[in-house]
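This report goes through a protein model from its confidence to its packing and to a few single residues. Please keep the sequence and the structure open while reading.

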Amino acid sequence: MYTVRGWDTDEDIVFDRHELTLIKDNCYTALTLNTGNMYHSHTFWEIFFLISGKGIHYLNGKKIPLCIGDAYILRPGDKHFVEMCPSTPPNGYSQRDLYVTEAQMQNLCHFLDDEQDIYSLLKNSPETPHFKLQDYDIQTIQGMAAHKTPAGTPASFKLMVAMMLDLYLSYDPQEAHSGRPDWIDQLAATIRHERDKNKPLDEYIRQTGYCHAHVCREFKKHMGMRLNEYMTGVKLEYSIALLAQRNNSIAQIAYHLGFSNESNFISCFRRHYGMTPNAWRKAHI
């Protein structure tokens, strides 16, 4: 038995088996609050990541530790189940599940890159695709999942899946062992996780305990970009989640993210994504 909390209800729903009927209107996302104890597989794709707690992922005969941020793209036929670690306190475990049909997966892979055969890359990988999410990524996807339309279907479901696929394709498992000082990784994580997007750069620098010049010099040396460029990039990535919610105007998003004005936000967005925010919204939502 396991429990999920769907996007269209605030009530817990208990299932005793995985079935295709879990997919509602060809898409389904849920917050899993505890886990089952039986190997199972699907005729569709399942993407999941751990939000809180610790677990053991039994995957195709292997036993793999599961920590916060661990994400998997399970293909039709992959056999798995997740077991909570005994050290995880009651109600301390949660994971986000996204169930995707074959047709959706093929269409989204083609949308991300119509030249590279991403679908075949995922389908034929010798190992089940696995990657790691940062705190900011978890926060962004959770924010998308919380958005509901009057019909009960999340307008941003396809965007969530596309974002997960893009994060997998850009994931570098060696990045965690890049030799960067810990305080730089902590600074970057703090910027990603900060809810107040208007927080001044000097406040972040002050938290490191180093002087302004040293922080900026070392950040560019190890991250390959200036600190203010990194902050702008984080804001623009977060703007995608805000654009997915049509009740947010472009001017409101620009103000919320701390841009000087709407025109400045549009210019930065165009340089980063190659299109205006309105054009992105029309193409994706």
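## Terms and basis

A residue counts as buried under 20% relative accessible area, as exposed over 50%, and as partly exposed in between, with a 1.4 Å probe and protein chains only. This is a predicted model, in which local features need pLDDT of at least 70 and side-chain atom pairs count only at pLDDT 80 or more, whereas totals for chains, interfaces and linings use all residues. Residues are numbered from 1 along each chain as its sequence is written, and side-chain values use heavy atoms, with hydrogens and water left out.

## Confidence

The predictor's confidence in each residue, pLDDT, runs from 0 to 100; the protein averages 79, and 82% of the residues score at least 70. Helices (H or I, at least four residues) and strands (E, at least two) are DSSP runs numbered from the N terminus, and among these elements strand S2 (residues 13–15) has the lowest mean pLDDT, 36, while strand S7 (residues 70–74) has the highest, 96.

Over residues 1–25 the pLDDT stays under 50, although the model has 66 contacts beyond four places in sequence for this stretch, a contact being heavy atoms within 4.5 Å. Where pLDDT is low, the predicted coordinates should not be read in detail.

## Overall build

The protein contains 11 helices and 10 strands, and buried residues make up 46% of its 285 residues. Of the contacts between residues at least 6 apart in sequence, 67% join residues at least 24 apart. The accessible surface, from the Shrake-Rupley method with a 1.4 Å probe and, for residues, only the protein chains shown as cover, comes to about 14,800 Å², and 50% of it belongs to carbon and sulfur atoms.

## Nonpolar cores

A nonpolar core is a set of buried Ala, Val, Leu, Ile, Met, Phe, Trp, Tyr and Cys residues joined through side-chain atoms within 4.5 Å. The largest one has 61 residues, and those with the most contacts inside it are Met105, Leu122, Leu133 and Phe265. Apart from this core lies another, of 8 residues, among them Leu59, Leu66, Tyr72 and Val82.

Not counting residues up to four places away in sequence, Met105 touches Trp45, Ile47, Val100, Tyr119, Leu122 and Leu165.

## Aromatic rings

Rings of Phe, Tyr and Trp (its six-membered ring) pair if their centres lie within 6.5 Å, and planes under 30 degrees apart count as stacked, over 60 as edge-to-face and the rest as tilted. The structure holds 10 aromatic pairs. One of them, Phe44 with Tyr99, is edge-to-face, at 5.4 Å centre to centre and 90° between the planes. Phe44 lies in the loop between strand S3 (27–32) and strand S4 (45–52) and Tyr99 in strand S9 (residues 94–100), so the pair ties together parts that are 55 residues apart in sequence. Phe44 is buried, at 3% relative accessible area, and Tyr99 likewise counts as buried, at 2%.

Ring pairs also link Phe259, Phe265, Phe269 and Tyr273 into a cluster. A charge sits over a ring if NZ of Lys or CZ of Arg is within 6 Å of the ring centre and within 35 degrees of the ring normal; Lys235 lies over the face of Phe259 at 5.7 Å from the ring centre, and the charged end of Lys197 sits over the ring of Tyr238, 4.9 Å from its centre.

## Two loop residues

Cys67, in the loop between strand S6 (62–66) and S7, is partly exposed at 33% relative accessible area. Leaving aside neighbours within four places in sequence, Cys67 is in contact with Leu50 and Lys132.

Asn60 lies in the loop between strand S5 (55–59) and S6 and is partly exposed at 39% relative accessibility. Asn60 has a positive phi of about 50° although it is not a glycine. Most residues other than glycine have a negative phi.
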